[in-house]
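Please walk through this fold with me, one element at a time. Keep the viewer open as you read.

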Amino acid sequence: MKAVVTVTGKDKKGIIAKVSSFLAEKGVNIEDISQSVLGEYFAMIMIADLAEAKEELSVLAKECAELGKQIGMTIYMQHEDIFNAMHNI
């Protein structure tokens with residue numbers, strides 16, 4: 001199963017390192033990543049493979065949200081199918 005992870009907030013050092021390290025510890029493989037900085041704002045989107053994840057998507061999504069609070073960012077993880085459905089008209 002694949003998930004889409006989005007990270008947004010004010011730019012600061014170490015965001016990619018913290019998020020990617022967290023996902024690696026959970027057995028999640030990042031397949032693709034794109035990030036940009038617009039002025040003082042950071043935005044990143046990742047495609048993640050959860051095939052070998054140590055936890056279910058719902059648990060990982062909650063833990064990602066909590067990590068976001070800890071580092072001052074907003075982090076969402078959602079099933080790829082839900083993300084695609086939300087962005088198709």
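The face of α1 turned away from its buried side carries A24 and E25, both exposed (over 50% relative accessible area, with a 1.4 Å probe and protein chains only; under 20% is buried, and in between is partly exposed). Helices here are DSSP runs of H or I with at least four residues, strands are runs of E with at least two, and both are numbered from the N terminus. The model is predicted, so local features need pLDDT of at least 70 and side-chain atom pairs count only at pLDDT 80 or more, while totals for chains, interfaces and linings use all residues. Residues are numbered from 1 along each chain as its sequence is written, and side-chain values use heavy atoms, with hydrogens and water left out.

Now the other face of α1. The helix covers residues 15-25, and I15, V19, F22 and L23 are buried in it. Seen down the axis, these buried residues fall within an arc of 95 degrees (taken from the directions from the helix axis to the C-beta atoms), so they line one face of the helix. An α-helix has 3.6 residues a turn, so residues three or four places apart point the same way. What covers the buried residues of α1? The cover includes β1 (2-10), β2 (29-38), β3 (41-49), α2 (57-71) and β4 (74-79). Contact here means heavy atoms within 4.5 Å. Take V19 as an example. Leaving aside neighbours within four places in sequence, V19 is in contact with V7, M44, M46, L67, I71 and I75.

After α1 comes G27, whose phi is positive, near 80 degrees. G27 is found in the loop between α1 and β2. Its relative accessible area is 22%, so G27 is partly exposed. Beyond its neighbours within four places in sequence, G27 is in contact with D49, E52, A53 and K54. The C-alpha atoms of G27 and L50 are separated by 7.4 Å, although the two are 23 residues apart along the chain.

Next, the sheet. It is open and has 4 strands in the order β2-β3-β1-β4, with antiparallel pairing (two strands pair if DSSP finds at least two bridges between them). β2 and β4 stand at the edges with a single partner strand each, so one side of each is left without a neighbour in the sheet. From one strand to the next, the twist averages 15 degrees. Axes are lines fitted to C-alpha atoms, for helices over the stretch in contact, and angles run from 0 to 180 degrees between N-to-C directions. β2 and β3 pair in the antiparallel sense over 9 bridges. Within β3, A43 is the bridge partner of S36.

How do the helices meet the sheet? α1 lies across β1, β2, β3 and β4, running at about 20 degrees to β3. α2 packs on the sheet and touches β1 and β4; its direction makes about 170 degrees with that of β4.

Look at α2 itself. L57, L60, C64, L67, G68 and I71 are buried in α2. Those residues fall within an arc of 105 degrees seen down the axis, so they line one face of the helix. The face turned away from them carries the exposed residues K62, K69 and Q70. Cover for the buried residues of α2 includes β1, α1 and β4. G72 follows α2, and its phi is positive, near 75 degrees.

On to the core. A nonpolar core is a set of buried Ala, Val, Leu, Ile, Met, Phe, Trp, Tyr and Cys residues joined through side-chain atoms within 4.5 Å. The largest one has 21 residues, of which V5, V7, V19, L23, L50, I75 and M77 touch the most other members. β1, α1, β3, α2 and β4 each supply at least two residues of this core. Its largest share, 5 residues, comes from α2. In soluble globular proteins, nonpolar side chains tend to be buried together.

Finally, the whole chain. It has 3 helices and 4 strands, running β-α-β-β-α-β-α from the N terminus on. Of its 89 residues, 30% count as buried. Among contacts between residues at least 6 apart in sequence, 66% join residues at least 24 apart.
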